[in-house]
Amino acid sequence: MSDEFVLTLTCPEQLGIVHAVSGFLVEHGCDIVDNRQFDSERFYMRVHFAARREPVDLATLRASFAKTATVYGMEWQIHAVDERPRALIMVSKFGHCLNDLLYRWRTGQLKIDIPLIVSNHRDFEPLAQTYGIPFEHVPVTRETKAEAEAHLLDLIERNDIELTVLARYMQVLSDDLCQKLEGRVINIHHSFLPSFKGAKPYHQAFERGVKVVGATAHYVTADLDEGPIIEQEVIRVDHTHDAAQLAVIGRDAECLALSRAVQWHVERRVLLNGHRTVVFK
């Protein structure tokens, strides 16, 4: 039983949606704590509400709201505010994002459960042990990629993972895996794409004299680094920064963008809008 919930929904724009939602909440003895909405070709809404008369059973609440949702053709979810989504973190050989997420998790800033860390290298196994989190080494080669992804999917299902975070995991997921995990995988990369592709992007940026360094956090799709963007961070630089310094600044930007994206996802603030997102901050 809980007394605070978040309802998120999207549906075709039409009259009466807000009235229907607010009426439902009043009928069930609930009060709106916060409400955000946006409409374009579709209507998007996030409502944080609290049960004022007595604690409400989540399953009962969902079953009751389904009737309202059907009338308006809604895609919707209701979650308890105190729910802690189970997140799998994946990493390769750069550990700044992993370390940042683990620190935020340990200090209570990031309200998730982390049952497992997966990597195609063993570099950060000691770090996982420091935090008391199981570590799974899943090596990947061209010949074993399909087998490795099947193992990864099995780990996700067995550990009841809601969100997978690619914290600088430097392996491209197959189209098939991206489709199976659509809307459930967040990636981070430097914002120099598509201008500076390939190896040493910060060296390429230095040679071009860039004036901003940034990072992009997005949902993973088969289009590699072109999935729906959740958050971007930008830090200004100037001619005094060399390539190594740009890389350090870029790592800071990556940590900030990724942590915000994960936080907003688990707080149910991100709704998919085709190739874009609606983010209720």
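Which residues does Leu258 touch, not counting residues up to four places away in sequence? In this predicted model, Leu258 touches Cys97, Leu101, Val165, Leu166, Ala167, Ile186, Ile188 and Ala217.

The largest nonpolar core holds 36 residues, and Leu258 is listed with Leu102, Ile117 and Val262 as having the most contacts inside it. Several elements give two or more residues to this core, including strand S5 (86-91), helix H3 (96-106), strand S9 (185-190) and helix H8 (243-266). Helix H8 supplies the largest share, eight residues. Apart from this core lies another, of 24 residues, with Leu7, Val21, Phe49 and Leu58 among them.

Now to the cysteines. You will find zero disulfides here.

| Cysteine | Closest cysteine sulfur | Distance |
|---|---|---|
| Cys30 | Cys11 | 20 Å |
| Cys97 | Cys255 | 4.3 Å |

Finally, a look at a hairpin. Strands S12 (residues 270-273) and S13 (residues 276-279) run antiparallel and are joined by four bridges. Leu272 has Thr277 as its bridge partner in S13. Two residues lie between the strands, and Gly274 in the turn has a positive phi of about 65 degrees.

Technical notes. Residues numbered from 1 in each chain as written. Predicted model: local features only at pLDDT ≥ 70, side-chain atom pairs only at ≥ 80, totals over all residues. Heavy atoms only, no water. Disulfide = S-S within 2.5 Å. Pairing = 2+ DSSP bridges. Core = buried A, V, L, I, M, F, W, Y, C linked by side-chain atoms within 4.5 Å. Buried < 20%, exposed > 50% of the residue type's maximum accessible area, 1.4 Å probe, protein only. Contact = heavy atoms within 4.5 Å.
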